[in-house]
Amino acid sequence: MGSETKKFYYRVYGLNIESEIYIPEFTVIKSPSKKNIDATIKYKTVSKEIKETIKNGKESNLTYNEMWFNAENVAIYRVYDGDKIEVDVYENADPYMVNIYILGTVLGLILLQKNMVAIHGGAVLINDKGCIFTGDKGAGKSTLTTALRQKGYGFIADDVASINLDEEAKIHPGFGYQKICEDTMEKLGYNPLDFVPFDAGEHIKYIVPALDKFIDYEVGFKALFEITVDDIDDVKIEELFGAKKLDNIIKNIFNVAVLGNAGGIPAVILKKCIDLSKNIKCYRIVRPRDKFTVNDQINLIEEVLA
């Protein structure tokens, strides 16, 4: 008889995960019962149809209950039925890169399929208030959340913030690591040579530990901050209300473009966004384009949260 495939059990974004892939960044849990598993990650060869589609130049297929995408020379990832993740790894692929896609995009797709509100941003606990920081690529959300952690605030999640709306709005913990862009590593006191780089498309990034301040329990979600960039001299902050507030929440749903391709935002997620808008504060931070203003941003954030 062949030996049984080794399983790893993790808790991340409010999900209990059974995985055939070792993911050192995730929080390990003792083996839960099968009925408490929310999603599985398995090595599996994808169908001939998918491989043929990729050969013909199509890199992804994102319908609501069946999603797959091809990470060239790394793996083909298939996410379906809201609880199954299959990974077809290319020969000689870097295991580190195989995991990088699971840490972000893959779990984001599972959260979408489960109709969970997941916001594209980092989450920090500031004076017992759970705050999520969003923004377009290059806006500086990872830089800001890292600086807040270095100042002593609790770190909840990086890149994806999953929300529990069963009672009051709460943020599920992610995992105790952050992805930081190369151009901000030294500004925040890190030596890039001490970490493994990876290509994140437009930027080279590094995964750095944040375990010293990691919050491994749910916290109340109190405020959403969107970071934007403009041709101004000083940082400013404004509170958003009404339709602007709701639009800001919706546009920052993780992989919101996928929902558009899959037929639009489901009514259940839209309702959750409306409920969320009634229970949190929403702010827009505008920072100068070519100026390092993290300390100024933190000062304004602390003022509005006081």
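How many bridges join strand β10 to strand β17, and in which sense do the two run? Strand β10 (residues 129-135) is joined to strand β17 (residues 219-230) by 6 bridges, and the two run parallel. The model is predicted: local features need pLDDT of at least 70, side-chain atom pairs count only at pLDDT 80 or more, and totals for chains, interfaces and linings use all residues. Residues are numbered from 1 along each chain as its sequence is written, and side-chain values use heavy atoms, with hydrogens and water left out.

- Strands and helices here are DSSP runs, numbered from the N terminus (strands: E, at least two residues; helices: H or I, at least four).
- Two strands pair if DSSP finds at least two bridges between them.
- C131 has A223 in β17 as its bridge partner.
- Strand β13 (residues 170-171) runs antiparallel to β17, joined by 2 bridges.
- The partner of I171 in β17 is V219.
- Strand β19 (residues 281-288) pairs with β17 in the parallel sense, over 8 bridges.
- Here L224 stands opposite C282 in β19.

**The open sheet of 8 strands**

- Its order is β3-β1-β2-β4-β8-β7-β6-β5, with mixed pairing.
- β3 (27-28) and β5 (60-62) stand at the edges; each has a single partner strand, so one side of each is left without a neighbour in the sheet.
- Strands β6 (residues 66-71) and β7 (residues 75-80) pair in the antiparallel sense over 6 bridges.
- A71 stands opposite A75 in β7.
- Helix α2 lies across β1 (8-12), β2 (15-19), β4 (39-43), β6, β7 and β8 (84-89).
- α2 runs at about 20° to β7; axes are lines fitted to C-alpha atoms, for helices over the stretch in contact, and angles run from 0 to 180 degrees between N-to-C directions.

**The open sheet of 3 strands**

- The order is β14-β16-β15, with antiparallel pairing.
- β14 (177-181) and β15 (197-199) are the edge strands, each with a single partner, so one side of each is left without a neighbour in the sheet.
- Neighbouring strands are turned by 35° against each other on average, direction ignored.
- β14 and strand β16 (residues 204-209) run antiparallel and are joined by 5 bridges.
- C181 has K205 as its bridge partner in β16.
- α2 packs on this sheet, touching β14, β15 and β16 (contact: heavy atoms within 4.5 Å).
- The direction of α2 makes about 70° with that of β15.
- α3 also packs on the sheet, touching β14 and β16, and its direction makes about 130° with that of β14.

**Helices α3 and α8**

- The axes of α3 (residues 141-150) and α8 (residues 294-305) come within 10 Å and cross at roughly 70°.
- That makes α3 roughly perpendicular to α8 (65 to 115 degrees).
- T143, L144, A147 and L148 of α3 meet V294, Q297, I298 and I301 of α8.
- This contact has 6 nonpolar, 2 polar and no charged residues.
- Nonpolar covers Ala, Val, Leu, Ile, Met, Phe, Trp, Tyr, Cys and Pro; charged covers Asp, Glu, Lys and Arg; the others, Gly among them, are polar.

**The largest pocket**

- A pocket is an open set of points on a 1 Å grid where a 1.4 Å probe fits, with protein on both sides within 12 Å along at least five of seven lines; lining residues have an atom within 4 Å of a point.
- The largest one has a volume of about 1300 Å³, the space filled by probe spheres set on the points.
- It is lined by 50 residues, with H120, K137, K141, H203 and K205 nearest its centre.
- The lining divides into 17 nonpolar, 17 polar and 16 charged residues.
- Helix α2 (residues 95-113) gives the largest share, 6 residues.

Definitions and conventions: Angles under 35 degrees count as roughly parallel, over 145 as roughly antiparallel, 65 to 115 as roughly perpendicular and the rest as oblique.
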